[in-house]
Amino acid sequence: MPPVTPSTLAIVLGSVTPPGRLHRALGDAADAAAERHPGLTVVTLDLGTQHIPFADGRPPAEAGPDVEATVNAIAAAGAVVLATPTYRGSLTGALKNLLDHVPVPALRGKPTAIAAIGASDHHFLGADRHLRDILTFFGAATTPTSLYLTSRDFTDGIPSPDALIRAGELLDTVLGYATALSGEPLGPPPIGR
């Protein structure tokens, strides 16, 4: 009997600008993943279309309907991809702000992958390193490798075949993690309980 793919993959797009290249690459890769993994539902959470106020310690249900819906979608997903453009050598403030709203149980033990895009190769570890630190706080099961795309991976906003292959490999990896872990948290509770 083949392994069962998790039913939902949540892709969180951490940019507040109109859908761009990373949105396109992950969207195309997600469409292909849904064909390879029957029954998979992909939920795209685009922070550019959400009203996520500054985190101030209120529970998501009290922080507004977009916060509550976004946090609930992350918590309900079998696997998550956090995607961000590289701003000032790191993830966007919008994505960090959303993560400040997310309670630890929503990501604890959750198979999670990282995707980033930047103008050049110079910052490829910035967003990755910072997101790994944050995901460790949650106790997320972060994939060992991530996706990093640059301007060279696109022509007129369209991802190259190689970029789509790499994006697809990232999605397959995080879905494979979800299948292998079956929702079981790894290790002791995270410090940030």
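These legends describe close-up views of a predicted model.

**View 1. Helix α1 crosses helix α6.** Helix α1 covers residues 21-36, and helix α6 covers residues 161-181. Their axes come within 9 Å. The crossing angle is roughly 55°. The crossing of the two helices is right-handed.

**View 2. Residues in the contact of α1 with α6.** From α1 come A25, L26, D28, A29, A30, A33 and R36. From α6 come L164, A167, G168, L171 and D172. Sorted by class, the contact has eight nonpolar residues, one polar residue and three charged residues. Among the α1 residues in the contact are D28 and R36. D172 is one of those supplied by α6.

**View 3. The largest cavity and its lining.** The count is one cavity of 30 Å³ or more. The volume of the largest cavity is about 30 Å³. I11, L13, H23, L26, G27 and T44 line the largest cavity. The lining has three nonpolar residues, three polar residues and no charged ones.

**View 4. Elements around the largest cavity.** Strand β1 spans residues 8-13. Both β1 and α1 supply at least two residues of the lining. Helix α1 gives the most, with three residues. L26 belongs to the lining of the largest cavity, and L26 of α1 also takes part in the contact with α6.

Note on methods: Residues numbered from 1 in each chain as written. Predicted model: local features only at pLDDT ≥ 70, side-chain atom pairs only at ≥ 80, totals over all residues. Heavy atoms only, no water. Axes fitted to C-alpha atoms, helices over the stretch in contact; angles between N-to-C directions. Helix = DSSP H or I, 4+ residues; strand = E, 2+ residues; numbered from the N terminus. Left-handed = near helix turned anticlockwise from the far one by under 90°. Contact = heavy atoms within 4.5 Å. Nonpolar A, V, L, I, M, F, W, Y, C, P; charged D, E, K, R; others polar. 1 Å grid on protein atoms, 1.4 Å probe; cavity = no way out; pocket = protein on both sides within 12 Å on 5 of 7 lines; lining within 4 Å. Points joined across faces, edges and corners; volume = space filled by probe spheres on them.
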